[in-house]
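Please open the structure in your viewer and keep the selection tool at hand. The tour below moves from one selection to the next and says what is to be found at each stop.

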Amino acid sequence: MAQIIAEVSRTFNEFLLLPNRTRTDCSAATVDLRTPLVRHIAGEAPEIELQSPFTSAIMQAVSTPELAIALARSGGLSFLHHNQPIQDQAAAVRQVKNFKAGFVTSDTNVRPDDSLSLLVDVMRRTGHSTAAVTHDGTATGRLLGLVTSRDFHPQRHDLDGPVSGRMTAIAALAHAGPDITLSEANARLWDERLDCLPVLDAEGHLQHLVFRSDYADNKRFPNQLVDAAKRLRVGAGVNTHDYQERVPFLLEAGVDALCFDSSDGYSDWQAQALSWVKKHYPEIPVGGGNVVDGEAFTFLAEAGADFVKVGVGGGSICITRDQKGIGRGQASAVLDVAAARDAFRERTGEYVPICSDGGLVHDYHVALALAMGADFVMMGRYFARFDQAAGAKLPTRDGFVKEYWGEGSNRARNWQRYGQGGQGLVFEEGVDGYVPYAGDLSEGLALTIAKLKTTMVSCGSTTLPQFQSTARLTLVSDQSFQESHASVTLRDTPATIS
């Protein structure tokens with residue numbers, strides 16, 4: 001006879017937070033959203049700590065290099081999708097790691113005898129206006145000079161002419177040696193009125209570029225998620241089919257964390273894959289999932305997972321529950337797994353963070369997921385709305401929308417994720433559709449973070465651990481759910497204020 005779980009499968013919509021006492025020292029300005037990404041000894045600092053508790057879904061429609069850059073600058077982390085050739089995913093990782101954040105590896109490089117027309121093409125491709133002129137046209141060649149978009153005009157200068165005719169030669173350029181620190185480099189940029197400071201090795205080969213624009217930009221994004229070299233952090237998804245070939249390339253590209261991506265992570269296949277990665281590459285954090293109960297969490301934690309994703313069937317484009325009758329309400333899943341995580345910590349002394357993945361329809365659902373024990377959340381539909389996501393922006397009668405499709409849809413063709421047998425999807429577990437366009441990620445996420453902070457303040461909390469330990473939740477009836485929404489006729493034109 002089948003085992004019946006007595007508890008009702010509940011969603012975030014069925015809960016509300018009760019206010020706690022708000023102290024005078026508790027304000028949005030004092031809220032600290034830092035949270036662990038990876039396994040660590042309880043009471044000690046984790047190897048990687050998110051500055052804000054947001055990660056983007058391992059999906060073609062979501063986690064592009066552009067979105068990974070924008071999210072890392074806002075303190076979160078993207079996991080670049082694995083439904084692409086290994087070399088392409090590794091190149092996407094490099095694109096994020098090479099983004100201008102402190103010491104930059106130049107990706108806009110030419111030789112002195114290259115034509116200006118070639119330089120224009122290179123600048124158009126990379127989107128950057130400063131090019132390093134090296135003896136071999138590589139990012140680590142002997143530096144001969146710099147050329148910027150201000151040094152020539154396509155209509156005034158002969159584009160068939162050589163780059164050397166318009167560049168500033170190295171003899172006239174300020175530059176630094178390999179031992180310079182970022183703070184020292186920034187000081188030179190301002191003191192010497194420089195836009196760019198090349199960093200060279202003892203033989204004159206280019207190592208990095210440091211830009212004045214990055215200094216001001218970093219002030220705009222004070223909570224960027226960066227590694228020890230001040231490069232933005234980025235994660236990558238992997239599957240249980242080609243991980244032995246894929247993982248080495250991702251590590252060589254500089255990836256900061258991996259995550260096994262599966263609709264059902266409670267499997268021997270994932271345990272074996274986790275064990276293989278931890279044996280051969282113990283230095284790289286790797287997560288597992290997805291799961292919906294404490295038993296499955298413990299299984300993956302014991303197999304070596306550095307964090308565990310929670311959620312089956314709750315995504316806005318997921319139809320696994322309709323197709324297979326498998327899943328669990330996201331609130332119930334998070335509560336159950338959080339209890340197992342705490343029990344694992346008490347038993348082993350190790351804290352394995354959990355990620356709530358799916359079921360997050362409204363901004364306040366993020367607060368509920370964190371209050372229920374999630375250390376961070378992973379979202380797809382939310383991030384698919386922004387400029388930096390992969391979907392095309394399309395006009396409709398009611399405004400713009402962005403394309404959004406699930407990994408279980410025929411469009412994605414991600415058969416490896418669902419294990420239906422064969423070399424393709426036998427049936428779809430995701431849909432292909434649209435989400436309302438929401439503009440730039442940094443602006444949209446800033447609004448969500450503001451809501452989260454004020455919610456925590458109303459609950460008397462200034463840190464996420466405090467929020468989790470003191471939050472009070474109440475179940476919501478259908479009538480109280482209806483009462484939560486506005487019940488007046490809304491204006492369709494702005495009010496006039498005199």
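## A walk around the barrel

Begin by selecting strand 18 (residues 354–357) together with strand 19 (residues 376–379), which run parallel and are joined by three bridges. Bear in mind throughout that the model is a predicted one. Within this pair, colour cysteine 355 and look across to strand 19, where phenylalanine 376 stands opposite.

Now widen the selection to the barrel, into which eight strands close in the order 5-6-13-14-15-16-18-19, with parallel pairing.

Then select helix 10 (residues 330–348), which lies across strand 15 (286–291), strand 16 (308–310) and strand 18, and which runs at about 175° to strand 18.

For the last stop, show helix 6 (residues 243–253) and helix 7 (residues 268–280), whose axes come within 11 Å and cross at roughly 40°. Because of that angle, helix 6 counts as oblique to helix 7, and the crossing in which helix 6 passes helix 7 is right-handed.

Which residues meet where helix 6 and helix 7 touch? Display Tyr243, Gln244 and Val247 from helix 6, and you will find them meeting Gln272, Ala273, Trp276 and Val277 of helix 7. Sorted by class, this contact of helix 6 with helix 7 has five nonpolar residues and two polar ones, with no charged residues.

Key:
Residues numbered from 1 in each chain as written. Predicted model: local features only at pLDDT ≥ 70, side-chain atom pairs only at ≥ 80, totals over all residues. Heavy atoms only, no water. Axes fitted to C-alpha atoms, helices over the stretch in contact; angles between N-to-C directions. Helix = DSSP H or I, 4+ residues; strand = E, 2+ residues; numbered from the N terminus. Parallel < 35°, antiparallel > 145°, perpendicular 65-115°, else oblique. Left-handed = near helix turned anticlockwise from the far one by under 90°. Contact = heavy atoms within 4.5 Å. Nonpolar A, V, L, I, M, F, W, Y, C, P; charged D, E, K, R; others polar. Pairing = 2+ DSSP bridges.
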